[in-house]
Amino acid sequence: MDVEEKDIIGDSGGLFAEPEDFYGSQPECHFTKYVREEISESSKSKVKEVAVRLVGSSPLWGHILWNSGIYTAKHLDKHVEECKNKCVLELGAAGALPSLISGLIGANKVVCTDYPDADLISNMQYNVDHALYSGESLSRDSMLLKKQLGERNVIVEGYIWGNDYSNLVKHLPGGQNKFDLIILSDLVFNHTEHHKLLRTTKDLLADDGKALVVFSPHRPWLLEKDLGFFETAKEYSLKSELIEIAHWRPMFEQDPGSEEIRSRVYAYYLIHDT
């Protein structure tokens with residue numbers, strides 16, 4: 001393992017370190033509320049508030065609603081044409097907020113995935129069930145929401161990047177085997193997995209599809225390796241298009257490294273380079 005790569009799980013100023021009581025009692029699940037600030041008239045559902053449950057703790061960092069996930073959700077609500085009536089795949093979904101928003105907008109099918117950890121997958125399923133279909137967290141709108149969404153269009157699957165795709169594409173309608181939109185939110189920090197992520201993206205992305213890649217450089221001293229994801233993408237005949245670099249409050253104020261860099265949210269599209 002590259003010495004610099006060790007800090008994915010080790011010396012990272014605390015960002016990826018296990019808490020002191022990691023092997024003791026575990027924190028309970030907790031909720032956060034996401035408010036859709038900009039809802040397009042063409043969105044299938046106009047539900048404004050989405051309650052997202054997050055696992056109490058996770059070595060895979062699925063217990064935090066990251067800036068990148070919030071940015072992605074906002075981006076989808078601003079650009080509904082990217083997912084409405086289309087097939088969407090989310091990789092590394094954690095709390096699954098972008099998948100939930102895709103479902104509310106009216107995607108034809110959303111396959112929401114993360115590493116097949118039992119707690120993560122069951123939590124994702126809980127969010128899909130409650131935020132979209134049971135309406136328990138949206139009681140005033142529950143009957144309307146069910147009527148609006150109709151048949152379940154968001155499916156949860158455990159998936160390890162680069163593995164067999166059959167459990168993903170089996171959910172696609174009409175014999176399709178590609179997705180119109182693939183969401184990669186805050187995944188590029190995992191430098192050792194770039195090739196698996198890009199291989200999966202290349203193989204599953206429709207010819208005219210887009211992959212939305214959003215990330216923040218949580219470890220500023222490794223920004224070059226983060227951005228290396230887009231150089232490596234060229235090896236898979238995927239070209240990158242910068243959408244913007246936004247500046248938000250850093251996730252962790254006390255983390256080491258440049259605060260200005262940690263505040264950035266990078267957003268790109270990947271498309272096939274034909």
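Predicted model: local features only at pLDDT ≥ 70, side-chain atom pairs only at ≥ 80, totals over all residues.
The chain as a whole contains 8 helices and 9 strands, and 54% of its 274 residues count as buried.

**The pair of helices H1 and H2**

- Helix H1 covers residues 67-78, while helix H2 covers residues 97-105.
- The axes of H1 and H2 come within 8 Å and cross at roughly 15 degrees.
- Angles under 35 degrees count as roughly parallel, and H1 and H2 are therefore roughly parallel to each other.
- The crossing of these two helices, H1 and H2, is right-handed.

**The surroundings of H2**

- Helix H2 is largely enclosed by the rest of the structure, because 9 of its 9 residues are buried.
- Gly 106 follows H2 and has a positive phi, near 115 degrees.

**The sheet of seven strands**

- An open sheet is formed by 7 strands in the order E5-E4-E3-E6-E7-E9-E8, and its pairing is mixed.
- Strand E5 (154-158) and strand E8 (238-247) stand at the edges; each has a single partner strand, so one side of each is left without a neighbour in the sheet.
- On average, neighbouring strands of this sheet are turned by 20 degrees against each other, direction ignored.
- In general, the strands of a sheet pair through backbone hydrogen bonds, in either a parallel or an antiparallel arrangement.
- Strand E7 (residues 205-215) pairs with strand E9 (residues 264-272) in the antiparallel sense, over 5 bridges.
- Within this pairing, Ala 211 has Leu 270 of E9 as its bridge partner.

**Helices packed on the sheet**

- Helix H1 packs on the sheet and touches strands E6 (179-185), E7, E8 and E9; the direction of H1 makes about 135 degrees with that of E7.
- Helix H7 (residues 223-233) also packs on the sheet, where it touches E6, E7, E8 and E9.
- The direction of H7 makes about 15 degrees with that of E9.

- Strand E9 is mostly covered, since 9 of its 9 residues are buried.
- Which residues of E9 point one way, and which the other way? Arg 264, Tyr 266, Tyr 268, Leu 270 and His 272 point one way, whereas Val 265, Ala 267, Tyr 269 and Ile 271 point the other way, and all are buried.
- Strands E8 and E9 pair in the antiparallel sense over 9 bridges.
- Opposite His 272 in E9 stands Leu 238.

**Pro 250 in its loop**

- Pro 250 lies in the loop between E8 and helix H8 (259-262).
- The relative accessible area of Pro 250 is 8%; residues under 20% count as buried, so Pro 250 is buried.
- Apart from residues up to four places away in sequence, Pro 250 touches Asn 67, Glu 259, Arg 262 and Ser 263.
- His 218 is 32 residues from Pro 250 along the chain, and the C-alpha atoms of the two are separated by 8.3 Å.

**Positive phi values outside glycine**

- Asn 85, a residue other than glycine, has a positive phi near 65 degrees.
- Asn 85 is found in the loop between H1 and strand E3 (87-91), and at 58% relative accessibility it counts as exposed.
- Ser 237 is a residue other than glycine with a positive phi, here near 55 degrees.
- The loop between H7 and E8 holds Ser 237, which counts as partly exposed at 34% relative accessibility.

**Contacts across the chain**

- Among contacts between residues at least 6 apart in sequence, 71% join residues at least 24 apart.

Key: Residues numbered from 1 in each chain as written. Heavy atoms only, no water. Pairing = 2+ DSSP bridges. Helix = DSSP H or I, 4+ residues; strand = E, 2+ residues; numbered from the N terminus. Axes fitted to C-alpha atoms, helices over the stretch in contact; angles between N-to-C directions. Contact = heavy atoms within 4.5 Å. Buried < 20%, exposed > 50% of the residue type's maximum accessible area, 1.4 Å probe, protein only. Parallel < 35°, antiparallel > 145°, perpendicular 65-115°, else oblique. Left-handed = near helix turned anticlockwise from the far one by under 90°.
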